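These entries record what I looked up in the structure below.

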Amino acid sequence: MPTVAVIEDDLPTSNQLRGWIEAARPGIVVHQWFDRDSAEAAVARERYDAVVLDIELGRERHAGVAIINAINKRGGTPVLVVSAMPAAIYRSIMKALEAWDYLQKTAFEEAEFTETFLEILRSTAVRPAAPAAAELS
C-alpha cells in the first residue's frame with residue numbers, strides 16, 4: 001500500500017488533507033508531520049510515494065522549500081504543495097523546484113485536490129523505485 005506524508009503545521013488542515021487522501025485511496029498509509037525538523041527527519045528515513053506539503057511551517061516562511069530540496073536529493077518523490085501563499089508567485093517557483101503541482105489554499109475544492117493527488121499516485125506506480133540509502137553506500 002502506498003505511504004504518503006502530509007507536512008502541514010495547522011492541525012485542522014492537516015487532518016482535512018489526510019481525510020481526503022484516505023477517502024480517495026482507502027487503506028493508504030498517511031504520516032502527518034507538523035514542523036520542519038520532524039518532516040526532514042521523516043523524508044530522510046522513509047520512502048514516501050508522495051508528499052503533500054505546506055511552504056510555511058510555523059514561523060519558518062520557506063521551510064517547505066528546504067524540505068523539497070531534501071526530498072529531491074533523495075530521488076525526487078512527487079510533492080504536491082498546498083499553501084496559502086499566492087499561486088501567481090509561488091506556482092512557478094515550486095515548478096522550478098520540481099514540485100509536482102501547487103494548489104493555493106481556499107482556491108481549490110476537494111475534487112481538484114483528489115484528482116491531482118491520484119494522478120501523482122498513478123505516476124509513482126509506473127516510475128522505478130529510488131535506491132534505498134543503504135544501497136547507495
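I looked up Trp20 and found it buried, at 14% relative accessibility; buried stands for under 20% relative accessible area, exposed for over 50%, and partly exposed for what lies in between (1.4 Å probe, protein chains only). The model is predicted, so I note that local features need pLDDT of at least 70, side-chain atom pairs count only at pLDDT 80 or more, and totals for chains, interfaces and linings use all residues. Residues are numbered from 1 along each chain as its sequence is written, and side-chain values use heavy atoms, with hydrogens and water left out.

I then followed the ring of Trp20 to that of Phe113: the centres are 5.5 Å apart and the planes stand at 50°, so I recorded the pair as tilted. Rings of Phe, Tyr and Trp (its six-membered ring) pair if their centres lie within 6.5 Å; planes under 30 degrees apart are stacked, those over 60 edge-to-face, and the rest tilted. Trp20 belongs to helix α1 and Phe113 to helix α5, so this pair ties together parts 93 residues apart in sequence. Helices (H or I, at least four residues) and strands (E, at least two) are DSSP runs, numbered from the N terminus. Phe113 is buried, with a relative accessible area of 0%.

For Phe108 I noted a relative accessible area of 12%, which is buried. Ring pairs link Trp20, Phe108, Phe113 and Phe117 into a cluster.

Which residues form a negative surface patch? I listed Glu109, Glu110, Glu112, Glu115 and Glu119. Glu112 lies in helix α5 (residues 110–126) and is partly exposed, at 36% relative accessible area.

I placed Leu80 in strand β4 (residues 79–83) and found it buried, with a relative accessible area of 0%. The C-alpha atoms of Leu80 and Asp101 are separated by 5.2 Å, although these residues are 21 residues apart along the chain.

How values were computed:
Patches are made of residues with over 30% relative accessible area and no salt bridge: like charges are joined within 9 Å, nonpolar side chains (Val, Leu, Ile, Met, Phe, Trp, Tyr) within 5 Å. Accessible areas come from the Shrake-Rupley method with a 1.4 Å probe; for residues, only the protein chains shown count as cover. A salt bridge is a side-chain nitrogen of Lys or Arg within 4 Å of a carboxyl oxygen of Asp or Glu. Lys and Arg count as positive and Asp and Glu as negative; His and the chain ends are not counted. The place of a charge is taken as NZ of Lys, CZ of Arg, CG of Asp or CD of Glu.
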